[in-house]
Amino acid sequence: MFPSDKEHWQELFRQFGSYVIVGGSGAIMEWCCFAGLVYFTRLSYLWSTIIAFVIGLYFNWMLGRAITFKDVVTDRSIWREMCQIFMAGAIGLILNVILMYGLVEYYGMVKIMAKITATFIVFLWNFAVRKYYIYKI
């Protein structure tokens, strides 16, 4: 599962670095949406988490497809790829909501800090599922 050749590891670090930039852009988009929904519209933090996550996921998919995984995007159905991304995203969303609830309700963390913490944890899940399942590289 983990080849030892230098080129493989260089490519993995290149993709991960690219995903950090792409994911960071998506995270900033998500955090801005979340903050706007929570602090300006007074929508509950859990609903804000869901809405912001979906917006961030879509943004991240589009950017990741164009930048990070552009070399492995094939002629397969874009709808299949999008469904896989959103199914993996659904699991990420569940993790995100559970983390948000736990961090806010049980640990008393400030909502935006809980959102940032949850995002970083789910970020690792998203990269792994894209790398090893969706794009299989």
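**Figure 1. The count of salt bridges in the protein comes to one.** A salt bridge is taken as a side-chain nitrogen of Lys or Arg within 4 Å of a carboxyl oxygen of Asp or Glu. The model is predicted, so local features need pLDDT of at least 70 and side-chain atom pairs count only at pLDDT 80 or more, while totals for chains, interfaces and linings use all residues. Residues are numbered from 1 along each chain as its sequence is written, and side-chain values use heavy atoms, with hydrogens and water left out. The partners shown are Glu30 and Lys115, whose closest N and O atoms are 2.4 Å apart. Because Glu30 belongs to helix 1 and Lys115 to helix 4, their pairing ties together parts separated by 85 residues in sequence. Glu30 and Lys115 are both buried, a term for under 20% relative accessible area, with exposed meaning over 50% and partly exposed in between (1.4 Å probe, protein chains only).

**Figure 2. The protein has four helices and zero strands.** Followed along the sequence, the elements give the pattern α-α-α-α. Helices (H or I, at least four residues) and strands (E, at least two) are DSSP runs, numbered from the N terminus. The protein comprises 137 residues, and buried residues make up 39% of them. Helix 3 is 29 residues in length and reaches 40 Å from its first C-alpha to its last, close to the expected 42 Å at 1.5 Å a residue; the expected span is 1.5 Å times one less than the number of residues.

**Figure 3. Eleven residues make up the largest nonpolar core.** Such a core joins buried Ala, Val, Leu, Ile, Met, Phe, Trp, Tyr and Cys residues through side-chain atoms within 4.5 Å. The members are Phe53, Leu57, Trp61, Met82, Ile85, Ala88, Leu93, Val122, Val129, Ile134 and Tyr135. At least two residues of this core come from each of helix 2 (45–66), helix 3 (78–106) and helix 4 (111–134). Helix 3 provides the largest share, with four residues. Another core of nine residues lies apart from this one, and its members include Phe34, Val38, Ala114 and Ala118.

**Figure 4. Phe16, Phe123 and Phe127 are linked into a cluster by ring pairs.** Five aromatic pairs are found in the whole structure. Rings of Phe, Tyr and Trp (its six-membered ring) pair if their centres lie within 6.5 Å, and planes under 30 degrees apart count as stacked, over 60 as edge-to-face and the rest as tilted. The pair of Phe16 and Phe127 is edge-to-face, with 5.0 Å from centre to centre and 85° between the planes. Since Phe16 lies in helix 1 and Phe127 in helix 4, this pair ties together parts that are 111 residues apart in sequence. Phe16 is partly exposed at a relative accessible area of 29%, whereas Phe127 is buried at 7%.

**Figure 5. Met29, Trp47, Ile51 and Ile55 form a nonpolar surface patch.** The patch covers about 360 Å², an area computed by the Shrake-Rupley method with a 1.4 Å probe; for residues, only the protein chains shown count as cover. Patches consist of residues with over 30% relative accessible area and no salt bridge, like charges being joined within 9 Å and nonpolar side chains (Val, Leu, Ile, Met, Phe, Trp, Tyr) within 5 Å. Helix 2 gives the most to this patch, namely three residues. Met29 is located in helix 1 (residues 6–40) and counts as partly exposed because its relative accessibility is 31%.

**Figure 6. Ser48 and Gly102 are two buried residues of the helices.** Ser48 lies in helix 2 and has 0% relative accessibility. Gly102 has its place in helix 3 and a relative accessible area of 16%. Gly102 and Ala114 are twelve residues apart in sequence, and their C-alpha atoms are 8.9 Å apart.

**Figure 7. Arg42 and Gly108 each take a positive phi of about 65°.** Most residues other than glycine have a negative phi. Arg42 has its positive value although it is not a glycine. This residue, Arg42, occurs in the loop between helix 1 and helix 2, and counts as exposed because its relative accessibility is 69%.
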